[in-house]
Amino acid sequence: MANFPFFSIHFCLLLITLFFQASSAGNYNVISFGAKGDERTDSTVSFLKAWASACTSPKPSTIYVPKGRFLIKGIVFKGPCKNQITFQIDGTVVAPSDYRALGNSDSWILFSKVNKVSVVGGTLDGKGASYWACKTSGKNCPVGVPSMTFNWANNIVISGLTSINSRQTHLVINGCNNVVVRNVKAIAPDQSPNTDGIHVQTSKGVTIIGCTLQTGDDCVSIGPGTYNLFMTNLKCGPGHGVSIGSLGKELKEDGVQNISLKNSVFSGSDNGIRIKSWARPSKGFVRNIVFDNIVMDNVENPIVIDQNYCPDNKGCPRQNSGIRISKVTYRNIRGTSATPEAVSFDCSITNPCTDIKLQDIKLLYKNKAASSSCRNVRGSSTGILMPRSCML
């Protein structure tokens, strides 16, 4: 007992030391800045204060969001910052229920010009139901916003994040370099409009791995200027599949190159793997694409190239796509089609698809080989082919 006071003092000194070490390392709990996890209190300013502290820290920092439901409105986390920052989320970040509350924001949560930022764990609840109702009613609605966007950012990691009920796209990667999206879930009802899971454009060196994407639009959409995108172990469906495009809406448009999707499963989606471009002049291109080891489970239109995309026949009637599609490989694609035609290559008459390769394709419709159709496509075929190749 005589040593107890000494032990207590020593223990208190240790706790104080650890506290100051943690503070100097840059650990910022949003609660300390006034945030409340009650889903009613607007915590936007508190999150911004935590970001300001982390962004100006000369040492690596962690912004911690504990368990609870934290309401924030449109927010922009701006860089550049002095060192790397980790957003560790154990709770749920919630958007306002009133879709008008975000005004003319470009995104609900926007990271702009940041470097070495990680978002780990947690849930984003976009509260999209009221906005979808507005869209489907035909009313004059504001432009929908993605739940989370990275603009002009480098060396980004998004890991273990769940996004539900986004008003529009769940996650946007725009103008970025070296991004890893790992074990992310994007979930919205299959009839929710424009709720793409992940959209990538004008970016290089993006990896998407182990993600579950159940949405009302594309599981992954790939826009102009995307280079060196690697995707593997995805689960897609419901949704509109993985789409390169739509491309070629503009005459001067960056191309898409070095894209691979491997070891993935599509379940009940409206499309499988798709390349689509507007039927109008463009200087863009798609090349060096690999789809490998893909399982289709009751998927409509498992393999599609559509170069005559023209919604409502506006802006492109009687024109042909200028997008040049070449060096696309489909390897070991198997499973079941929900439509009689499992492979559709509808390429541009003025810019035919070239060097398209089919290898070991086995797609069944009602326990029989599905059919295929080809227009203006040239390539080669090897191995098992069900349906038979229709390419020149």
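Trainee: How do the residues of the lining of the largest pocket divide into nonpolar, polar and charged?

Mentor: This is a predicted model, and in it the largest pocket has a volume of about 330 Å³. Its lining is made up of 20 residues, and by class these divide into 5 nonpolar, 10 polar and 5 charged.

Trainee: Which residues of that lining lie nearest the centre of the largest pocket?

Mentor: The elements that give two or more residues to the lining of this pocket are strand 14 (171–174), strand 17 (198–201), strand 20 (220–222), strand 23 (242–247) and strand 25 (273–278). Of the 20 lining residues, those nearest the centre are His199, Gln201, Ser221, Gly245 and Ser246.

Trainee: Which elements give two or more residues to the lining of the largest cavity?

Mentor: A search of the whole structure finds 4 cavities of 30 Å³ or more, and the largest cavity has a volume of about 70 Å³. Its lining holds 11 nonpolar residues, with no polar and no charged ones, including Phe47, Ile72, Val119 and Met148. Two or more lining residues come from each of strand 6 (85–89) and strand 8 (109–112).

Trainee: How many charged residues does the lining of the second largest cavity have?

Mentor: About 60 Å³ of space lies in the second largest cavity, whose lining includes Tyr99, Gly103, Pro142 and Arg167. By class, this lining has 6 nonpolar and 2 polar residues, and the number of charged residues is 1.

Methods
Residues numbered from 1 in each chain as written. Predicted model: local features only at pLDDT ≥ 70, side-chain atom pairs only at ≥ 80, totals over all residues. Heavy atoms only, no water. 1 Å grid on protein atoms, 1.4 Å probe; cavity = no way out; pocket = protein on both sides within 12 Å on 5 of 7 lines; lining within 4 Å. Points joined across faces, edges and corners; volume = space filled by probe spheres on them. Helix = DSSP H or I, 4+ residues; strand = E, 2+ residues; numbered from the N terminus. Nonpolar A, V, L, I, M, F, W, Y, C, P; charged D, E, K, R; others polar.
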